[in-house]
Amino acid sequence: MIPDPPLALTVAIPFATAILIFLIPERQQGLIKLLATLAGALCLVLSLWIFVAYNFSRAGFQFQLQSNWLPSLGITFHLGVDGISVLMVLLTGIVMFTAILVTWGLTYRVKDFFAFLMLLVTGVFGTFQSLDLFFFFFFYELAIIPMYLLIGVWGSTRKEYGALKLTIFLTAGSVLVWVGLLATYVAASSASFDLLELEKVTFTADFQRFFFPFFLVGFGVLAGLWPFHTWSPDGHVAAPTAVSMLHAGVLMKLGAFGIIRIGVHLFPEGAQTWMPLLLVLATVNVVYGAFSAMAQRDLKFVIGYSSVSHMGYVLMGFATLNVVAMNGAVLQMFSHGIMTALFFALVGVIYDQAHTRDIAVFGGLARRMGTVAAFFAVGGLASMGLPGLSGFVAEFLVFVGTFQTYPVVAVLGIVGALATAVYILRLLALAFLGPLNERWTGLTDMNRYTWAGTSILVFCLVLVGLWPGPFIDRIATSVGPLVARALGAL
């Protein structure tokens, strides 16, 4: 067991780092990068420590830290992690640190970039750990708001369009979430925003059925739920490399996490009513996202639509309300987060030198960028669900659980997996294999910072694929009671 402060430290360290960076002169770029890297390393160590020390032999929230903030309104600063959020905290620590390493070559407005990046990560850690719904929403918004500036200032191509579209969609979703939270607070009559207090309240069936869609759609927008997904590929393409890594790797998981943490947890009857609709939309996510990725020529658009498809597996697993499928869905959140972070880091290496992402103009890049090609192949194989890599374990569990409940949906999900194999193999063949296009003879492989960051991500994909037990053990402690509650057993 570990003391409570590590949870608070994962929130406090990036926030304090953002303040310190704002106070450092812009000309001290090396010091700013070093400070950000140190903060990322500390958060990674803390998140790993929390993950290892989590006692998976018992269910419930652990390492809780609670302090009154506004007692008259029942608002407390309450942190804690269960088997689901502990995995998301670890994912955030890994992607945060590797994104900082990949960004060491940044030279434009370094101070502002890393300060906003630290604020974004503060929001992510806080959201995954908050057990008070007021602070949950506060950190949720803190994670979203910096994205507008990070994309609009440091992005590429249609960055203003991508940043504005992302902000409009996510703000609209946040409005629905906030309305749902306020309605929940008022209906509870317990004068508390605390999740553990609210779970004791029995909301009427009509109330649950009416307000569950507020959370389903509100959080679903950030999760890339079809048809509210269109902001996501544009945001991916416009964002700078580190922001794309955090955007696809972590931020989209906040949406899926919100659906089960608040929606399913507090409104089990509402979940039973509306999950069939989520199942239909998630299936469209899987198939539509995969075939859309197949039609793209831009590397980032391929990965962007691939993210829409793979997040469909997450939502599909949740919608089944099946223990096996939900275990796989949570593991898929982790696997997809690592995989997409790797993809965007590697695309960043290519784009920084080639200044284009058009797959059609490449060819034979493996001859000049051997490590990039090898790592991209590992990520692609994980995306396809190759045994021995994390994607296989996660998707296998989702398919097994879905077959037990909705066999036709499972078949459609496998069709999406087949389409994934097509566009991944096509991308690898066109961009990295074959004769070298003479236009790219001057390209070089990744630098040591990017190599270090991407190596960590590749290691994680292999580790989870070969040794999924510790991850499933932690996830299962929370998924089982959650499903039982949703099905009315508790």
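Author: On a 1 Å grid over the protein atoms alone, a cavity is a set of points where a 1.4 Å probe fits but cannot get out, and lining residues have an atom within 4 Å of a point. Points are joined across faces, edges and corners, and a volume is the space filled by probe spheres set on them. The model is predicted: local features need pLDDT of at least 70, side-chain atom pairs count only at pLDDT 80 or more, and totals for chains, interfaces and linings use all residues. Residues are numbered from 1 along each chain as its sequence is written, and side-chain values use heavy atoms, leaving out hydrogens and water.

Reader: What is the volume of the largest cavity?

Author: The count of cavities of 30 Å³ or more comes to 1. The lining of the largest cavity is made up of Val302, Ile303, Ser306, Phe343, Phe376, Tyr423, Ile424 and Leu427. Its volume is about 40 Å³.

Reader: Which elements each supply at least two residues of that cavity's lining?

Author: Helices here are DSSP runs (H or I, at least four residues), numbered from the N terminus. Two of them each supply at least two residues of the lining of the largest cavity: α12 (299-320) and α16 (407-431).

Reader: Which element gives the largest share of the lining of the largest pocket?

Author: A pocket is an open set of points with protein on both sides within 12 Å along at least five of seven lines, and the largest has a volume of about 580 Å³. Its lining has 28 residues, with Leu106, Pro240, Thr241, Gly348 and Asp352 closest to the centre. Two or more residues come from each of α5 (133-154), α10 (241-266) and α13 (323-354). The largest share, 6 residues, belongs to α13.

Reader: Is Thr340 buried or exposed?

Author: Thr340 lies in helix α13. Buried means under 20% relative accessible area, exposed over 50%, and partly exposed in between (1.4 Å probe, protein chains only). Because the relative accessible area of Thr340 is 1%, the residue is buried.

Reader: Which residue forms a salt bridge with Asp206?

Author: A salt bridge is a side-chain nitrogen of Lys or Arg within 4 Å of a carboxyl oxygen of Asp or Glu, and the whole structure has 7. With the closest N and O atoms 3.6 Å apart, the partner is Arg209.

Reader: What separates the closest N and O atoms of Asp112 and Arg109?

Author: Asp112 counts as buried at 17% relative accessibility, whereas Arg109 is partly exposed at 37%. They form a salt bridge, and the closest N and O atoms are separated by 3.0 Å.
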